[in-house]
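Hello,

Here is the structure I promised to pass on to you. Please open it beside this message, and then read on for what turned up in it.

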Amino acid sequence: MSQTITPRQLQQWLFDGQEIALFDVREHGQYGEAHLFHGVNLPYSRLELDVRRLAPNPQVRLVIYDQDGGEVAARVLARLQGWATAMCMSCKAVRMAGKRRACNCSLGCMCHPRPLVSWWKRPVTPHVTARQLADWQASGEPLVVLDGRPFDEYRKMTIPGSICCPNGELGYRVHDLVPDETTPIVVNCAGRTRSIIGAQTLINLGLKNPIYALENGTQGWYLEDFKLEHGSTRRYTEQVSTDLAQQRQAARQLAERAGVVNVSADQVRQWADDAQRSLFLCDVRTAEEFALGSLPGAQHTPGGQLIQSTDLYIGVRQARIVLVDSDGVRAPIVASWLRQLGHEAYVLSGGIASGLALPVVQPVAYEPLALISPKAFDVNAVNLIDLRPSMAFRKGIFPALAGRFVRG
């Protein structure tokens, strides 16, 4: 039976060192405007699809909230009945988040329009402005610009001449992308965060090259009235040509400094049987590698995005996170960042070749709707609701049905 929790109780739970999942069940746009600190977005529209991926253990303390009336949260509770025990709260203070006045929601600084990372102490990463980078490029001196975002983001817009190499791949592939250790490297993203993470990763790995983060990323470039490239296809090659011994050693040392330890497949199997803890098995390789085969029970969590947007893949605070790769380079690097961010992250010894197999998490049961083809009804007599994300909706619909769709 579900219960109601107060904001003060929630604050205590979030910092008592035990596992907890705090889900904001509003839609992504509402969540982006303002949400509770540590809240993970799980829209009601995707509840059955994502809840067991984000919170695989039904024994976890589960707190859900919506805007203020609790109607959506009540529907979520009804849908989860029989699968998990949930606590419900209504956060009227969400509407106040981001305003320049004191918060009265009893959650203190936990009520905020976007995730806070200001508490994370990091070194000051060298940076370069868009104008400085443009001058360097115009001079014709050797220079490599690496875009640390996923390929689909890179294709939309990037710095002219840059090469796509997502942050999770940098330590693994950089030696194939830079001619020598004297060539300056500039890492960019859309704004600034992934530029900093990518550049600092290379610095932490001990590369001798001059390394910089591009200040304000493609936004800064555009605001300086420089043209961006669109539809670019330059990217890393699938196969790494260099000997990985040096990269493995650097990644291992980096992980050790952050307190990362390796765990065996047997240990992970024991953790999977622990009904009191949540376990996430994360494959940090590329989408292409994951599609060719991974460990049963693993989810695809591209390394750079797992660092940048952990809550898209991990919905439980204080959960165990085990990272997997096939090379001994990428998983330790990503784990080092997660450890610095306060997560209990480990690296699986043997990686993909470890033989580990965990149960595959199935979505919460739902009642499927009957299927019908467009030929079976009069398109002029019905409204069609497109449930895809807005970006997919804007890309296009079936030509014969244009003008008949309503965005859901």
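Below is a short tour, from the whole chain down to single residues.

Please keep in mind that this is a predicted model.

**The chain as a whole**

The chain has 408 residues, and 46% of them are buried. Its secondary structure comes to 15 helices and 19 strands. If you take the contacts between residues at least 6 apart in sequence, 70% of them join residues at least 24 apart. Leu387 belongs to the loop between strand E18 (384-386) and helix H15 (390-395). This leucine counts as exposed because its relative accessibility is 74%, where the cut-off is over 50%.

**An enclosed helix**

Next, have a look at helix H14, which covers residues 330-340. Of its 11 residues, 9 are buried, so the helix is largely enclosed by the rest of the structure. The buried ones are Arg330, Ala331, Pro332, Ile333, Val334, Ala335, Ser336, Trp337 and Leu338. Just after H14 comes Gly342, with a positive phi of about 95 degrees.

His38 has a phi near 80 degrees and sits in the loop between strand E3 (35-36) and strand E4 (40-41). With a relative accessible area of 22%, His38 is partly exposed. For Asp225, phi is about 70 degrees, and its place is in the loop between H9 and H10. Asp225 is exposed, at 70% relative accessibility.

Ser232 is placed in the loop between helix H9 (217-223) and helix H10 (245-257). Is this serine buried or exposed? Ser232 counts as buried, because its relative accessibility is 6% and the cut-off is under 20%. Its side chain makes a polar contact of 2.7 Å with the side chain of Glu229. Beyond the neighbours within four places in sequence, Ser232 is in contact with Phe151, Tyr154, Arg155 and Thr158.

**The surroundings of His300**

His300 lies in strand E15, residues 299-300, and is partly exposed, with a relative accessible area of 21%. Which residues does His300 touch, once those up to four places away in sequence are set aside? They are Asp283, Arg285, Thr286, Ala287, Phe290 and Tyr313. Tyr313 is 13 residues along the chain from His300, and their C-alpha atoms are separated by 8.7 Å.

**The cysteines**

A disulfide is a covalent bond between the sulfur atoms of two cysteines. How many disulfides are counted in this model? The count is 0. Cys164, for one, is in no disulfide: the nearest cysteine sulfur belongs to Cys165 and is 7.2 Å away. That distance can be set against the cut-off for a disulfide, which is within 2.5 Å. Cys164 is buried, at 1% relative accessibility. Cys189 is buried too, with a relative accessible area of 2%.

**The second largest pocket**

Finally, there is a pocket to explore. The second largest pocket holds about 550 Å³ of space. It is lined by 26 residues, and the closest to its centre are Pro56, Leu279, Gly297, Pro359 and Val361. Which elements each supply at least two residues of this lining? They are helix H3 (47-54), helix H11 (265-272) and strand E14 (279-283). Sorted by class, the lining has 16 nonpolar, 5 polar and 5 charged residues.

Best wishes

Technical notes: Residues are numbered from 1 along each chain as its sequence is written. Side-chain values use heavy atoms; hydrogens and water are left out. On a 1 Å grid over the protein atoms alone, a cavity is a set of points where a 1.4 Å probe fits but cannot get out, and a pocket is an open set with protein on both sides within 12 Å along at least five of seven lines; lining residues have an atom within 4 Å of a point. Grid points are joined across faces, edges and corners, and a volume is the space filled by probe spheres set on the points. Helices (H or I, at least four residues) and strands (E, at least two) are DSSP runs, numbered from the N terminus. Ala, Val, Leu, Ile, Met, Phe, Trp, Tyr, Cys and Pro count as nonpolar, Asp, Glu, Lys and Arg as charged, and the others, Gly among them, as polar. Buried means under 20% relative accessible area, exposed over 50%, partly exposed in between (1.4 Å probe, protein chains only). A polar contact is a pair of N or O atoms within 3.5 Å; within protein, one must be able to donate a hydrogen and the other to accept it, and residues adjacent in sequence count only if both atoms are side-chain atoms. Contact means heavy atoms within 4.5 Å.
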